[in-house]
Structures are given as structure tokens and as C-alpha cells.
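This report describes how two chains are built and where they meet. Look at the structure below before reading on.

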Amino acid sequence: MPEASTPTPEEIQALVGHRFPGGNYTIAHWENFLLTECTGADPLPGDLAHPVALFHMPILGAGTSIGEMFALGQAESDSSIGIESYEWEFFQPMREEHEYRVEGEITQADRRIEGERIFDRIAFQFDLMDEAGVATARTTITWHYRRSTQA
Amino acid sequence: MNVDVGQDIPEWDMPSVSAARMRTMAAILRDPNPVHWDKRVVSEIGFGEHTINQGPLGLSYMVNMLHAWTGPGSIRRIFMRFPLVVLDGDHIIARGQVTAVREEDGVRYADCDIWLYREGSANPLEGSATVQLPQN
């Protein structure tokens, strides 16, 4: 990705409330199989999807991408992103070959200075609902966008 | 299923974190971050000739531990922080301990501290989880 200039703290704070387009996503069998294999586990029984799908599925289902999330925070490079935390909540198990409605938004965004370290902390929240509109899962992704200079 | 506060969760072992699995994961996730598939980039940022495991993959080892303990579909919540990176070739063990057992509306839950252990290092991942316990 092209190198970006450092955004101002105000530009970062203005990201709060940004909503992604939203959309639908179905975890395909092949996708669940390969994801589960990546975790080192055997396939789960029946049509259960491995919970690890709760990372990429909401991102793609909400109509965005990891790359766009990097760009929204004006990341200096793809490798300048660090993870603060992931929170995954399951209200019912996720299943492969079931269509889910996904909505997402930025819930927190602010400039942090810790010693000589400058970064922007951005939290993204995504909600999954099943075909009946019942809440299935929620994920909150909190990333640090490291800055080499202060705005 | 009898569960007590302070009880250790049976650990889940990943003998060697796989760079090939990181590449598959990056493709499925459409993850442009080269630290998961380009050793040159990782070397330039000081971690040697390795690739860095995706955060969700590290978290998934904890999921696998919890599934082996209380069954697939039992996880209600996981919160995870990532103080250190996990590299390809690392021997990682998912561990956990029960911090509370409670009942809500006739359903029993266990709250747990969970972490990834790596010999000779601080824990690369640390967090907490809530699982629904099977009926006795």
C-alpha cells in the first residue's frame, strides 16, 4: 500500500461512528474445512463452523476488507498494524452454509502516546444475525496503528 | 460435568506453528499484511527469518483447548490480548484455569483465564473465556 502521511488526532477521532455498508455472508464448507485445518483441529461435528471464522467473516460480510480497515486509519504500511485485543461473543454457534447478516462500525478511535511510542487505537465492532434476525455473534477488533512521527 | 474453581483446563498442544498454514489463512482472510507470508519483511523488523502467526490463529488454539474440554459450540465469549508475537516453528501450548462457576436460568457456565505458553518466554497471548458447561 502507498505510504500515508500521519493523520491528525482529530481525523482519527472523526472515525468513530463510521459504518460499513453491511451485507450477507455464508461460510462455505470448503472455507470452514480449510480454516479449521489451519488451526490444527479436526473438522467439527455436523455443520458447526469453527469459531475462528468470526475474524474474517464479519469483515467481508460487512462489505469491507482488512486492507480497507488499514486504509481507514491511514496506516503507514500494512506491517505497521499491531493487535491490542480481540473479543468474540457467541450467542449461538455459527454454522457453515447458513447465510448471516453482518453490520459493522468503528466504535472507538483515538491517538495514544506511551513513552516514545505513538499510535492510534481503533476499535471495530461487527454484529452477526441469522436468517431470522436473531443475534448470533459479535466481534470487537482493536488494533494499533503505529506512527513513526506525530502529527 | 464437575468443574471447580482453580481447576486446570486440559492443555492443547501445537508442537510447531506452521508457516504454510499462515499462508493459507492469509489467502482466506484476504490479509495483505506481509508479516504473515514474507520472511524478508519480518527479518527487517527484527524477528529473524520467520513469519508471524495471525492473531486469530493463536486465538484458535485456545478455542481448540476449550472445545476438547467442554465440547464444540460451548464457547460463549473469548477476550484475548496479544503481548508477544508467535512465529513459525514455535512450540505453543494452550492452557487455562477456571476462575468461576455460575448458573444463569438453569444453565451452568465456567469463566476461565486462558493463555498461550511458550517455553523460555512470557505468554504471547493472554485472556479470558466463558464456556457453557454440559449438563451433569
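Read along the sequence, chain A runs α-β-α-α-α-β-β-β-β. That comes to four helices and five strands, where helices (H or I, at least four residues) and strands (E, at least two) are DSSP runs numbered from the N terminus. This is a predicted model, in which local features need pLDDT of at least 70, side-chain atom pairs count only at pLDDT 80 or more, and totals for chains, interfaces and linings use all residues. Residues are numbered from 1 along each chain as its sequence is written, while chains are lettered from A and ligands numbered from 1 in the order in which they are written.

The predictor gives the complex an ipTM of 0.94 and a pTM of 0.93. For chain B, the mean pLDDT (the predictor's confidence in each residue, from 0 to 100) is 95, and 99% of its residues reach 70 or more.

The C-alpha trace of chain A spans about 50 × 30 × 25 Å along its principal axes. Of its 151 residues, 39% count as buried. A residue is buried if 20 or more other C-beta atoms, placed from the backbone, lie within 10 Å of its own.

Helix 3 of chain A, residues 53-61, is mostly covered, with eight of its nine residues buried. Among them are Leu54(A), Phe55(A) and Ile59(A). Just after this helix, Gly63(A) takes a positive phi of about 90 degrees.

Two residues are in contact if their C-beta atoms, placed from the backbone, lie within 7 Å. The contact between the chains takes 29 residues from chain A and 32 residues from chain B. On the side of chain A that touches chain B, the largest share, nine residues, comes from strand 2 of chain A. The table sorts the residues of that side by class; Ala, Val, Leu, Ile, Met, Phe, Trp, Tyr, Cys and Pro count as nonpolar, Asp, Glu, Lys and Arg as charged, and the others, Gly among them, as polar.

| Class | Residues of chain A touching chain B |
|---|---|
| nonpolar | 17 residues |
| polar | seven residues |

Strand 2 of chain A is joined by five bridges to strand 2 (residues 75-81) of chain B, and the two run antiparallel. Within this pairing, Trp88(A) has Ile78(B) as its bridge partner.

Cys38(A) lies in helix 2 (residues 29-39) of chain A. Cys38(A) is buried because 24 other C-beta atoms lie within 10 Å. Leaving aside neighbours within four places in sequence, Cys38(A) is in contact with Arg21(B), Thr24(B), Met25(B) and Leu57(B).

How values were computed. A residue is buried if 20 or more other C-beta atoms lie within 10 Å of its own, exposed if 12 or fewer, and partly exposed in between; C-beta atoms are placed from the backbone. Two strands pair if DSSP finds at least two bridges between them.
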